Amino acid sequence: MRDQRGPGAGDDPTGEQEHLDGLYRRLDEVRAATRARRDAILATGPGLERDEAGAALDDRLDRLDAAEPALCFGRLDGVDGRVRYIGRVGLRTPEREPLLLDWRAPAARPFYAATPDRPLGLRRRRHLRTRGRAIVGIDDEPLGPGSGGELQGERALRDALAARRTGRLREVPATLQREQDQVVRADPGGVLVVQGGPGTGTTTAALHRAAHLLYTDPVIGRRGVLVVGPSAAFLDYVGQVLPALGETRVVLATVGTLHPGVVGAREASAAERRVKGDLRMADVVARAVRNRQGSDRDVEVVYDGDTHVLGAAAIGAAVAEARRTGLPHNLARRVFRREILAELSWLVVDAGRRLLEDVERGLDDELARFDDLLADRPDEAPPVIEHQGSDVDGLLGAHEREHLERELLADPAVARAVEDLWPLLTPEQLLTDLFADPRRLERAGVPAADRAALALPAGGWSPADVPLLDEAAELLGADPGADAGPAERLRRERIRFARQMLAQADLLGERADEVLPDDRADAEASARPARDLAERAADRTWTFGHVVVDEAQELSPMAWRLLLRRCPSGSMTVTGDPRRGPAHAAASWGEVLRPHAGSDWRVATLTLGYRAPAVIAAALPALEATDPQARPPRPVRTGGTAWRRRVDGDLVGAVVEAAGQELAAGGRVGVIAPERLAPSIGAALAAAHPGTSSGPAVDLRRDAVVLTPEQARGLEVDAVLVVDPGALLADPAGPAALGVALTRATERLGILHPGEAPALLRHVPER
Ligand SMILES: Nc1ncnc2c1ncn2[C@@H]1O[C@H](COP(=O)(O)OP(=O)(O)OP(=O)(O)O)[C@@H](O)[C@H]1O
C-alpha cells in the first residue's frame, strides 16, 4: 500500500517542509562560505595557483547551484529507526554530522535498490515531490513482505513523464528505476553495453552512470568523462543532463570533432564510410607513413656544384636506425637526418679527399720533376714548403663535422633532398597526399576497388576522416620544432600545473575533506580543477577516465580505435543497438566490440518503456524488420495515440496542416521527413509557424522541428509526424531509419503517406 499526500494535507504534519527549509538554509551557508573562500583566494593577486584554486571552487559552486532545484527528494527510514535523506548533493552540519546524502553515495543505494522482498534494512521509502523550495507531495512506500509495486517513486515518475518535453533530456535522480540503478552503480571496469527497446531510458541510465563514476571513482573524477553522440543535435539534447547533476568534468563530442583542429563536417557517402571505417585502414595509414620514409632508389644531391649520390643502401640504413628508436615519424626524423647528414658529410669530405689525392698525385709528379731537376743541379738548396691548413686525410673532428652538417643543411638543395626523404608531416598533409595520388594509395595497400571511395573529395573532411587523421597523428607525433607560441606555452604550463595539483590532491584527500564541509568523495572530487577539462581535451594526448558512447552502432571500427586511444583503461558505457546501424552492418555487440575490448564487455538490458505504448505498438513491425526478436518494452505509462493518413495531393501542405493541429493539441512537435523533403517542409512550416526550426543546426527547444531520420536519432518530442515512410524504406537502411522515426514520440504519432501505406504500417488506424 502506498500512502500519497499532496499539498493541503494539513500544515506540514510530517515536518518535512521544516526539514527541507533547514537543508536549504545549510545549502545557502555552504554556498556563501564557498563563495567567500573563492573571493579570498582571488584577492591574493595573480598567479597560476590562485587561478586553479579559484576554478576548483567555482566548480564547487556550480555543483551547489545545480542542487538548488529538488535539493532533497527522498527519505529512508531504517528498521533500526535511522533516518537518512537523499538529495542532489551531500551536506553536513558545521559539526560534520551528515544532513543529506548525495544520491550517488553508497549509503543512498537502498533508495533505488530496496524492494518489498529485499528491503535492505528499510522500513519505509519516502519520495518528496518539490516545486522550488516547497514540498508539493509526499509518497510513502512501506517496505516489507506483501507491500508495494515494481516502480520506484511511481507518482513522481508519472509526474515526470506527464510533463511536456522541453527539447532537452532531463536528469532524473529522484525517479531512477531499479534496473537503471544497477547500470548506474555497475563496476566501472570494461565496456558496459546498456541496451533496450526504444525509450527504455538507456541514454538516461548511461549519463547518470557517468555522474556516479565522476563522484565515486577518483581516477575518473580526475580525468573526466567523454560523451560521444551521433550528431550535434543529439549532444545539444543530452548536454544539460550532467551539468544539471552538478558535473562539469565532461566533454561532449561527435566523432567528427574528436581530432583537435579539424571539424569533419562534410557528409560522407556510404561507400566512403564503409572503406574509411574499416580496420584495414589502420594498416593503410601505417604504410602511408612508412612510404614517406627514405627511398628505395639512389638519390643525387647537389652541393657546392658537386653531385653526390646517396646510395639506396645508405638511405635504408639511416631509415632503419631511425625506426629502431620506436619514435613517431616526426620525432624519429631527427635521427634519420643525423644519419643521412653524416653520410652526406662523409660523401662531401670523401669527394674532397679524392680531389686532394688527385692534386697530391699531380704534386708528386711535379716534385719528381723537381727532384730530377735538382739532380741536375746538386749545389742548390731545396725550397722550404710551409705546412698550411688542416689535416685533410678525410677524417673530420666532431666540431668540423657539425659545422659541415650545418652548412649542408643551410644549402636549400640539400635541405630539400633530405626533407623529401623523411618529411615533417601533419596528419592532414599525409592524408591529403595519400588520397590525391592513386600510386600512393596503391603502395599503401588500398585495393583498386576501394580507391574511388578514398579519392579526395571537395568540401573538406568528413567524420569518416577523423579517425584516420587521429591514427596518422598517433604515428606521426607532434612537430618537435614547432614554436609553441605564447598561448600554447601558457596552456602547457597550466596543464603541467594542473597535473601537479591533482597529484597533490591525491595525497591530500583527507585535507580536501576538511576544507570543504561535505561528503568526502564529493569534497575530493571538487578539489580537482574541472574547468580545464575542455581545454585539456583539446590536447589529443589527454586520456579520459571513462567514455559514454550513445547510439554506438553509428561508430566505425576505426572510430572505436580512436576512442580506445582516448580511454586506454577501456572503461566505457555504450548504448544503442547494432541492428539499428546500417553503416557498418555489424550484427551483434560481440562483433562490434571484440576487436577492441576482447572479452572485457558485458550487456545490461533495460525493460521498462517510458514512451506511450500506442506509439511503440505502431512501430513494432518496423522494429521487428531489423530485429525479429524485438519485444515492446514494459510500459510505465498508458495511452498515447497513433494514426496514419493517405495523402494523394499536396504532401507538404498536408504536413503543415497536421503539424498545426498537433501544435494546437500542445507540446513540442517533430516532423521527421526524408532528406529530400525536409528542406521544403522546413520552409513551409516556418512560414506557417514562426516557432519552427529545421536544417543542420536545428534548435530542439523550438515548438516545431523538422528533422531527417539521421538527426532524429536518440531525440524525443511530445508529438511526431513521420512523412513519406515509403521513401524512408527505399534506402537500404530504411527499416532501421523508419524504426527510429516512429519511436521518437512520447505521446502522439501521426504518419502521412502518399499512396498506399507500406505493409509495415497497415496495422496503424487510419484517420
Ligand atoms: N527513471 C526515469 N524517470 C523519469 N523519466 C525517465 C526515467 N528514465 C527515462 N526517463 C525518460 O524516458 C524518456 C526516454 O529516455 P531515454 O532517451 O534515456 O531512452 P533511450 O533508451 O535512450 O531512448 P532511444 O534509444 O529510443 O532514443 C526520456 O524522456 C527520459 O527523460
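Me: Which residue in β15 does Gln-195 stand opposite?
Reply: The model is a predicted one. Strand β8 (residues 191–196) pairs with β15 in the parallel sense, over six bridges. The residue of β15 that stands opposite Gln-195 is Thr-605.

Me: In what order do the strands of the open sheet with edge strands β10 and β15 lie?
Reply: The edge strands are β10 (250–253) and β15 (601–606), and each of them pairs on one side only. From one strand to the next the twist averages 15°. Six strands form this open sheet with parallel pairing, and their order is β10-β9-β13-β14-β8-β15.

Me: At about what angle to β15 does helix α25 run?
Reply: Helix α25 comprises residues 589–597 and lies across β8 and β15. These two strands pair with each other in the parallel sense. The angle of α25 to β15 is about 145°.

Me: Which elements give two or more residues to the shell around the ligand?
Reply: There are 22 residues around the ligand, and Pro-198, Gly-201, Thr-203, Thr-204 and Tyr-610 come nearest. The elements that give two or more residues to this shell are α4 (154–162) and α6 (202–216).

Me: How many residues of the shell around the ligand are polar?
Reply: By class, eight residues of the shell are nonpolar and two are charged. The number of polar residues around the ligand is twelve.

Me: Which residue in β22 is the bridge partner of Ile-672?
Reply: Strand β19 (residues 669–672) and strand β22 (residues 717–723) run parallel and are joined by four bridges. In β22, the bridge partner of Ile-672 is Val-722.

Me: How are α26 and α31 oriented to each other, roughly parallel or roughly antiparallel?
Reply: The axes of helix α26 (residues 613–626) and helix α31 (residues 734–742) come within 8 Å and cross at roughly 150°. Angles over 145 degrees count as roughly antiparallel. The two helices, α26 and α31, are therefore roughly antiparallel.

Me: How many nonpolar residues does the contact of α26 with α31 have?
Reply: On the α26 side, Ala-618, Ala-619, Ala-622, Leu-623, Ala-625 and Thr-626 take part, and they meet Pro-735, Ala-736, Leu-738, Gly-739 and Leu-742 in α31. By class, two residues of this contact are polar and no residue is charged. The number of nonpolar residues is nine.

Me: Why does α19 count as oblique to α24?
Reply: The axes of helix α19 (residues 466–476) and helix α24 (residues 557–566) come within 9 Å. The class of α19 relative to α24 is oblique because the crossing angle is roughly 45°.

Me: How many charged residues are in the contact of α19 with α24?
Reply: Pro-467, Leu-468, Asp-470, Glu-471 and Glu-474 of α19 make this contact with Met-558, Ala-559, Arg-561, Leu-562 and Arg-565 of α24. Among the residues of the contact, five are nonpolar and no residue is polar. The charged residues number five.

Me: Is the crossing of α16 past α19 left-handed or right-handed?
Reply: The axes of helix α16 (residues 427–436) and α19 come within 8 Å and cross at roughly 115°. In this contact, Pro-427, Glu-428, Leu-430 and Leu-431 in α16 meet Leu-468, Leu-469, Ala-472, Ala-473 and Leu-476 in α19. By class, the contact has eight nonpolar, no polar and one charged residues. The crossing of α16 past α19 is right-handed.

Note on methods. Residues are numbered from 1 along each chain as its sequence is written. This is a predicted model: local features need pLDDT of at least 70, side-chain atom pairs count only at pLDDT 80 or more; totals for chains, interfaces and linings use all residues. Axes are lines fitted to C-alpha atoms, for helices over the stretch in contact, and angles run from 0 to 180 degrees between N-to-C directions. Angles under 35 degrees count as roughly parallel, over 145 as roughly antiparallel, 65 to 115 as roughly perpendicular and the rest as oblique. Two residues are in contact if their C-beta atoms, placed from the backbone, lie within 7 Å. Ala, Val, Leu, Ile, Met, Phe, Trp, Tyr, Cys and Pro count as nonpolar, Asp, Glu, Lys and Arg as charged, and the others, Gly among them, as polar. Two strands pair if DSSP finds at least two bridges between them. A residue is near a molecule or strand if its C-beta atom, placed from the backbone, lies within 6 Å of it. A crossing is left-handed if the near helix is turned anticlockwise from the far one by less than a right angle, and right-handed if clockwise.
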